[in-house]
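Here is a short tour to read alongside your viewer. Keep the sequence open too, and follow the residues as they come up.

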Amino acid sequence: QVLLVESGGGSVQTGGSLRLSCSASGSTLNGYCMAWFRQAPGKEREGVANIYTVNGNTFYDYYVPFVKGRFTISEDSAKNTLYLEMNSLKPEDTAMYYCAAFWGRCSSSFDSRSYTDWGQGTQVTVSS
C-alpha cells in the first residue's frame, strides 16, 4: 500500500498555470501505474492523465483529449513524487484533483476501480 498526499492546488485566472504534486510514502512508485483524476461538483470523477515508469524510465503515459497539450504528467523517482503541470487553465478545469495508484501497467481505460490507493485531493479553481 502506498500513502499519497496531494498539494499545489489553488485559485488562478483563465490562462494561468498550476503544478500539482503527489508525494508518496510507504512504497516506491517504481512499477506503479500513477494517475491524476478530477471531480467537479455534481459530476462524476474522471481520469486526466496516467503514467507508468520503471527505474526512472517512462514506458507509458496517456492524456485524455480535453487536457492533451495543456497538462503534463511526470514522476520524480528520486523524490517518490508524481506531478501534474497544468497550463492554459480554463474554468472547466475547476475540480478537486486526486492522485491514485495501482501496482502494474497503466492503460487508457481509466477505470477508477483499478486504482487501489488514493490521495485526499487538492482543489483547483479557475476563474474567468
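This is a predicted model: local features need pLDDT of at least 70, side-chain atom pairs count only at pLDDT 80 or more; totals for chains, interfaces and linings use all residues.

Residues are numbered from 1 along each chain as its sequence is written, and side-chain values use heavy atoms, with hydrogens and water left out.

**The four-stranded sheet**

- Let's start with an open sheet of four strands, ordered S1-S3-S8-S7 with antiparallel pairing. Strands here are DSSP runs (E, at least two residues), numbered from the N terminus, and two of them pair if DSSP finds at least two bridges between them.
- Strand S1 (3-7) and S7 are the edge strands; each has a single partner strand, so one side of each is left without a neighbour in the sheet.
- Direction ignored, neighbouring strands of this sheet are turned by 15° against each other on average. Axes for such angles are lines fitted to C-alpha atoms, for helices over the stretch in contact, and angles run from 0 to 180 degrees between N-to-C directions.
- S1 and S3 run antiparallel and are joined by five bridges; leucine 4 stands opposite alanine 24 in S3.
- S7 and S8 also run antiparallel, with six bridges between them. Threonine 72 has glutamate 85 in S8 as its bridge partner.
- The hairpin of S7 and S8 has four residues between the strands, and asparagine 80 takes a positive phi near 55° there.

- Buried means under 20% relative accessible area, exposed means over 50%, and partly exposed lies in between (1.4 Å probe, protein chains only).

**The nonpolar core**

- The largest nonpolar core has 39 residues, and those with the most contacts inside it are Trp36, Leu84, Met86 and Tyr97. Such a core is a set of buried Ala, Val, Leu, Ile, Met, Phe, Trp, Tyr and Cys residues joined through side-chain atoms within 4.5 Å.
- Several strands each supply at least two residues of this core, among them S3 (18-25), S4 (32-39), S5 (46-54) and S9 (95-103).

**Salt bridges**

- The structure holds five salt bridges, each a side-chain nitrogen of Lys or Arg within 4 Å of a carboxyl oxygen of Asp or Glu.
- One of these pairs glutamate 85 with arginine 19, whose closest N and O atoms are 3.8 Å apart. Glutamate 85 lies in strand S8 and arginine 19 in strand S3, so the pair ties together parts that are 66 residues apart in sequence.
- Both partners are partly exposed: glutamate 85 has a relative accessible area of 29%, and arginine 19 has 46%.
- Aspartate 93 and arginine 38 meet in another salt bridge at 2.9 Å, N to O. Aspartate 93 sits in the loop between S8 and S9 and arginine 38 in strand S4, 55 residues apart.
- Aspartate 93 is buried, with a relative accessible area of 1%.
- Aspartate 93 also forms a salt bridge with arginine 70, with the closest N and O atoms 2.7 Å apart. Arginine 70 lies in the loop between strand S6 (57-63) and S7, 23 residues from aspartate 93.
- Arginine 70 counts as buried at 11% relative accessibility. Through shared partners, salt bridges join Arg38, Glu46, Arg70 and Asp93 into one network.

**Two buried polar residues**

- Arginine 38 is buried, with a relative accessible area of 5%. A polar contact of 2.8 Å joins its side chain to that of glutamate 46.
- A polar contact is a pair of N or O atoms within 3.5 Å; within protein, one must be able to donate a hydrogen and the other to accept it, and residues adjacent in sequence count only if both atoms are side-chain atoms.
- Leaving aside neighbours within four places in sequence, arginine 38 is in contact (heavy atoms within 4.5 Å) with residues including Val48, Phe66, Phe71 and Tyr97.
- Asparagine 50 is found in strand S5 and is buried, with a relative accessible area of 0%.
- The side chain of asparagine 50 makes a polar contact with that of tyrosine 115 at 3.5 Å.
- Not counting residues up to four places away in sequence, asparagine 50 touches Cys33, Tyr60, Ile73 and Phe110, among others.
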